[in-house]
Amino acid sequence: VPGQAVAFPPPVPLSITNPGFETDFAAANCFNVSAAPTGWLLYDPTGIYNGGSNSVGTLDTRPGGPHFINGAPEGEQVALTFIQASPGAGPMGIRQVLADVLELNTTYTLSVQIGDIAAGQGPPPCDVFGFFNLNGFPGYQVQLLAGGVVIAEDDNSLAGVLDEGLFALSTIGVTIGAAHPQAGAQLEIRLINLN
């Protein structure tokens with residue numbers, strides 16, 4: 001309303017299950033792609049997941065390891081979306097529906113470290129899988145949704161600045177005013193490999 005100030009409450013962190021992906025074990029500098037990380041679900045709108053050459057899970061990455069020069073930005077593990085068998089056939093990733101709902105007069109900010117995995121071969125026991133040529137970057141999206149509707153998104157803005165084996169910070173945000181069609185709807189996070 002013109003001439004009136006709207007007071008926003010102070011920031012309150014939302015509860016995200018397993019935000020650093022540390023709950024799911026993978027051996028040092030190896031991967032575990034048996035399922036989506038604990039608390040997360042598979043996002044696969046075009047049906048390319050096959051549990052092998054197209055899979056999701058976690059990657060243990062430590063400084064000096066074969067895939068990330070400086071290791072994980074937090075802890076030792078990161079989420080992994082691996083797409084080898086279906087290049088260009090559609091996106092895949094992970095998602096989490098939060099317990100929180102979209103509130104009015106609230107600003108939401110979501111920050112995610114995006115990694116460009118480097119080519120390499122893991123140590124035992126992952127060495128049996130051989131060398132992975134992971135050069136190039138497939139693109140990504142970070143999305144915040146309410147009731148299944150995207151309300152904030154980073155659509156691959158870091159593609160030009162990400163280097164092999166490094167992470168870069170993606171931050172998205174949205175301010176919800178006094179009315180919104182998705183008010184009261186469940187919030188959701190999606191972390192997507194654009195393939």
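Strands (E, at least two residues) and helices (H or I, at least four) are DSSP runs, numbered from the N terminus. In this predicted model, local features need pLDDT of at least 70 and side-chain atom pairs count only at pLDDT 80 or more, while totals for chains, interfaces and linings use all residues. Residues are numbered from 1 along each chain as its sequence is written, and side-chain values use heavy atoms, with hydrogens and water left out.

The chain contains ten strands and zero helices. Its pattern along the sequence is β-β-β-β-β-β-β-β-β-β. The C-alpha trace spans about 65 × 35 × 30 Å along its principal axes. Of the 195 residues, 42% are buried, where buried means under 20% relative accessible area with a 1.4 Å probe, protein chains only. Among contacts (heavy atoms within 4.5 Å) between residues at least 6 apart in sequence, 73% join residues at least 24 apart.

A nonpolar core is a set of buried Ala, Val, Leu, Ile, Met, Phe, Trp, Tyr and Cys residues joined through side-chain atoms within 4.5 Å. The largest such core has 30 residues, and Val-142, Leu-144 and Leu-191 have the most contacts inside it. At least two residues of this core come from each of strands E5 (92-101), E6 (106-116), E7 (140-146), E8 (149-155), E9 (166-176) and E10 (186-193). Another core, of ten residues, lies apart from it and includes Phe-68, Phe-82, Ile-117 and Phe-132.

When residues up to four places away in sequence are not counted, Val-142 touches Leu-110, Val-112, Ile-114, Ala-152, Glu-153, Asp-154, Ser-170, Ile-172, Arg-190 and Leu-191.

Key: Buried means under 20% relative accessible area, exposed over 50%, partly exposed in between (1.4 Å probe, protein chains only).
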